[in-house]
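Here are my notes from a look through this one. Have the structure open while you read.

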Amino acid sequence: MRIAPIVLKILVTVVVSTGIYTLTELLDLTGDKLWQIAVSVVIGGSVFIVQYMIDFERRLDTVETGHREHSRELGVQFNQLSEAAGLLSDLDEAGMSTSDARRLIKSLSRVGQQGPEIVKAFARSEVESLASVVTDLTGMTAHWPRDNNEWLIRLTECARRTVDATSSSVDQPFWNTDSAGPYLDAQAEAMRARGVTIRRLFMIKEEERGNSDFMRRFTRLCQAQRDAGISVRFLSLPLPEGSSPRSVVARDVVIFDSELYLEFEPDRQEGNIQTRLDADGRRVDGQVRTFNALWAIATEPAPRSTPSSGATG
């Protein structure tokens, strides 16, 4: 059974006082009882006070230790808050949305608290992917290991002035797939809502130009895009001798606002295996000059022929 601290102190005091009284009884030959009692009480009281002083000092040390630990924790939390506030301030000064950053952090916290493990893993993967892309963009370039139509659509939604695109996918299934629909919808919205000018330069092979079936499909494709408000021209590759630029690589490049571009790098089977986003001013200017030079020598597709109405008798 545990003895209360105050009871223990009293017992120690009584024992010490009794011991002192007994000792003075043995040493005092005069038999002055009052003196013996006084000495016992004084020493016993002193022992009692000393115990309290020791206990007080021990508690004071504990309080000071706890206060230092608490102060350290508060300091760490304050530094973290200061860092977070500084990051939000930096975001605001950079023209980024602090509300979106807060929403992302709060949503991640809720997913971490209540989501199943696979949802948490997916959220972590998405954040890591986003962090990797944004980190790469500090160097004005980013890569994706395969086709990235999401970048294509989002950048189209962000464009404010122009979208200039070269396309080597004329006779490929892309323009008839579900992937092409959202891209064309984003272009239509950019033209309607923000007055964005869109130019598309198709690059076809010289032998394709001599194929009537191919040209029939190609004309329909061009007319559909022109009907949507997109300016369309085409080039036959290889270019004739003496043309400028001298050599042209058939590659899909989309330039946004003359400030950055997406480049889709095909493999040997003509499939897109990598998407590269580049905002380096020197390289962007080179892409803009090349596109404008090609656009200047490109041909406008013939309008879609319409059946003439015959005379009725």
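The points below cover a helix pair, an arginine and the nonpolar cores.

1. Keep in mind that this is a predicted model.

2. Start with helix 5 (residues 149-158) and helix 6 (residues 180-194), which pack with their axes 9 Å apart and at an angle of about 5 degrees. Angles under 35 degrees count as roughly parallel, so helix 5 is roughly parallel to helix 6. On the helix 5 side, the contact uses Leu 152, Ile 153, Thr 156, Glu 157 and Cys 158; helix 6 brings Pro 182, Tyr 183, Ala 186, Gln 187, Ala 190 and Arg 194. By type, the residues of this contact between helix 5 and helix 6 split into seven nonpolar, two polar and two charged.

3. Next, the largest nonpolar core, which has 34 residues. Which of them touch the most other members? Those are Phe 202, Phe 218, Val 254, Phe 256 and Leu 262. Leaving aside neighbours within four places in sequence, Phe 256 is in contact with Leu 152, Leu 155, Thr 156, Ala 159, Thr 162, Val 163 and Leu 262. Another core, of 14 residues, lies apart from the largest one, and Met 203, Leu 239, Trp 295 and Ala 298 are among its members.

4. Finally, have a look at Arg 233, in strand 4 (residues 231-237). Where does the side chain of Arg 233 reach? It gets to the backbone oxygen of Trp 295, at 2.7 Å. Beyond its neighbours within four places in sequence, Arg 233 is in contact with Arg 200, Leu 201, Phe 202, Trp 295, Ala 296, Ala 298, Thr 299, Glu 300 and Pro 301.

Methods. Residues numbered from 1 in each chain as written. Predicted model: local features only at pLDDT ≥ 70, side-chain atom pairs only at ≥ 80, totals over all residues. Heavy atoms only, no water. Axes fitted to C-alpha atoms, helices over the stretch in contact; angles between N-to-C directions. Helix = DSSP H or I, 4+ residues; strand = E, 2+ residues; numbered from the N terminus. Parallel < 35°, antiparallel > 145°, perpendicular 65-115°, else oblique. Contact = heavy atoms within 4.5 Å. Nonpolar A, V, L, I, M, F, W, Y, C, P; charged D, E, K, R; others polar. Polar contact = N/O pair within 3.5 Å; in protein donor to acceptor, adjacent residues only side chain to side chain. Core = buried A, V, L, I, M, F, W, Y, C linked by side-chain atoms within 4.5 Å. Buried < 20%, exposed > 50% of the residue type's maximum accessible area, 1.4 Å probe, protein only.
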